[in-house]
Amino acid sequence: MITWPGKEVSPSPGFPGVRRMESTLTIEVSGLSKNYGALEALSEVSFSVRRGEIFAYLGPNGAGKTTTIRILSGLLKRDAGEVNICGADVASDPVFVKERLGVVPDESNLYPELTCRRNLEYMGELYGLPRARRCLRAAELLSFFALTDRAATPFGALSKGLKRRLTIAAALVHDPEVVFLDEPTSGLDVPSARTLRELIRTINRQGATVFLTTHNLQEAEALSQRVLILIKGRVAALGTPGEIRQRVQHLKLLDVTFSAGIEADKLLKVCPAVIRALPQNGAWRLEVAEAQAALEQLVAFAGGEGVRISEINTITASLEDAFMSLVKDGGAQPEVTS
Amino acid sequence: MSQLRRALAISCKDIESYYGKPPLITWGLMFPAVLILSLYVKDPATYLAIAPGIIAMTLLFGNTSMAAIVITFEKRAGTFQRLLLAPLAMRTIILGKAASAAVYGLATALALWLGLKLVLGMPLVSPLLFVAGLILGAGCFSLLGLLAAVMVREVFEAMTLMNFFRFPILFISGVFMPLSQLPAWIKPLAFLSPLTYVVELLHLGVTGRSEFATPIVPLLAIFLFLLASWLLAELLFRRRAYA
């Protein structure tokens, strides 16, 4: 197990990460609204994040995720609503709130000319850590993120994966209560992404509340205790991944692999029982109205097209299916389950 | 105190990252040194009438350019966002950025004077006034550079914006011609230029002569310009730094 530097491991494996007992909520957002001219970026968004949880904030491009993070981290003013982080409003007490936040932007933006160690020490200076503490902290974090052998390497010379790791390390220098991770594994190869996910789990296990935005729904499902889906600036769903999946349990899904390429338009025309067809990893994810009828129509379709059905599986709806369903509906039926 | 320490950290980092580089130091020194040497070669008896003005001009161009370049460069690279995300008051960021640019300007101007002293025997009648002129001028010009940088996104935009201000004031601020010899209609404009007062303070420092009866006038005037630049910088940074 990776050991989180400079902190004690929570003695309670059931509910790790309890740091301050004043409140069980770290982030409370109520009626948050933001407009860019005529464009409504956020409308009456309300949610809360519990202390010590990993909270995934999902949505398609343009849904308002980045706007939310920018408001919560004090980079953008809101038009309306209340935002309370660690007991204070970021608009009225930005220094207090920022001292408790660690933010990992979607782009790794440390100083390219500074070495890994100097970047971490400089971040420590900006957060007011005494010299001895920041030097120790930098060494701990370099070790924790397996970057000790790159300590003297300039940030600009690192690979994308290592840059991402150091950017996350920089957000942890001051031992924040809340960590905002904006697309932490975006653009990384599979091993790097997996390593980072494990690091995120470890950071959370050791006490930090994690606010995660990602396009990777499997990642969100695997990491987070609760999920918020934002569509067109409005909360479309909020709950545990299981609760959100429940919303689409009525969907009947088939994964079908054909022996050769087929055209979705033709399939939908020939198979009226198939409502939607999405290509997925060489197969087709089909949403069907009635499974038996769809199977018969698919067999007929394959025969007509001169292709074989290599594999066919019935699928339990995933968070991604729920997400797609909500996106299709345009988030018109908000459902907050917890 | 904590915020002051953080401002110092920003300044030290910027000096380490940007201002300590050999090309910048040589650019800041070589250009004005060659210009003054040319004047000396032409007429050793009169070069002192222009040399303080050239040092002031170097301070103006060096400080405004560097302060603007550093901010626009960091905005483009995304690293400026690190400062906005950190628990820093806006005035801490302004102080940190302006101070590093001012230190650069001050160091190059002093090095330039030292070089000229060694090579040409350039005098220094009043070191206090000379250094005061450099410090106040460097602070004021650095803040003007920050002002330009926060209003635009690209380096060239910042340079274009500043050139509308920098080049005209070169000709009205007594750099190449004493204030008393300027055409009557330009004189009132000269008093609106911060460069005028820096030039006069440097003249006082180097030769002991000035167009003003007392050094208090240029000292007070450049101090007021510094104060106004600071207040304007705070106002604009609060409005536009997050853009």
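This is a predicted model: local features need pLDDT of at least 70, side-chain atom pairs count only at pLDDT 80 or more; totals for chains, interfaces and linings use all residues.
Residues are numbered from 1 along each chain as its sequence is written, while chains are lettered from A and ligands numbered from 1 in the order in which they are written.

**View 1. Helix α6 of chain B packs on helix α10 (residues 216–240) of chain B.** The angle is about 25°, and the axes are 9 Å apart. Axes are lines fitted to C-alpha atoms, for helices over the stretch in contact; angles run from 0 to 180 degrees between N-to-C directions. Helices (H or I, at least four residues) and strands (E, at least two) are DSSP runs, numbered from the N terminus. α6(B) passes α10(B) in a left-handed crossing. A crossing is left-handed if the near helix is turned anticlockwise from the far one by less than a right angle, and right-handed if clockwise. The α6(B) side includes B:Leu136, B:Leu143 and B:Val150. The α10(B) side includes B:Phe223, B:Trp230 and B:Phe237. The contact residues divide into 19 nonpolar, three polar and one charged. Ala, Val, Leu, Ile, Met, Phe, Trp, Tyr, Cys and Pro count as nonpolar, Asp, Glu, Lys and Arg as charged, and the others, Gly among them, as polar.

**View 2. Helix α5 (residues 90–120) of chain B crosses helix α6 (residues 127–151) of chain B.** Their axes come within 8 Å and cross at roughly 130°. That makes α5(B) oblique to α6(B). The crossing of α5(B) past α6(B) is right-handed. Among the α5(B) residues here are B:Ala98, B:Ala101, B:Ala102 and B:Gly105. They belong to a contact in which α6(B) supplies residues including B:Ala138, B:Gly139 and B:Ser142. Twelve of the contact residues are nonpolar, four polar and one charged.

**View 3. Chain A meets chain B.** Here 18 residues of chain A are in contact with 17 residues of chain B; contact means that C-beta atoms, placed from the backbone, lie within 7 Å. On the chain A side, α2 (94–100) and α3 (116–126) each supply at least two residues. That side comprises ten nonpolar, three polar and five charged residues.

**View 4. Four strands of chain A form an open antiparallel sheet.** The order is β11-β12-β10-β13. Two strands pair if DSSP finds at least two bridges between them. β11 (274–280) and β13 (309–315) are the edge strands, each pairing on one side only. Neighbouring strands are turned by 25° against each other on average, direction ignored. Six bridges join β10 (residues 252–258) to β13(A), where A:Ile312 is the bridge partner of A:Val256.

**View 5. Strand β12 (residues 283–288) of chain A is joined to β10(A) by five bridges.** A:Arg285 of β12(A) is the bridge partner of A:Asp255. A:Leu278 also stands opposite A:Arg285. β11(A) and β12(A) run antiparallel, joined by six bridges. Their hairpin has two residues between the strands, and A:Asn281 takes a positive phi near 50° there.

**View 6. Chain A is assigned two domains, domain 1 (25–245) and domain 2 (252–316).** The bounds come from an automatic or database domain assignment. The C-alpha centres of the two domains lie 40 Å apart.

Methods: Two residues are in contact if their C-beta atoms, placed from the backbone, lie within 7 Å. Angles under 35 degrees count as roughly parallel, over 145 as roughly antiparallel, 65 to 115 as roughly perpendicular and the rest as oblique.
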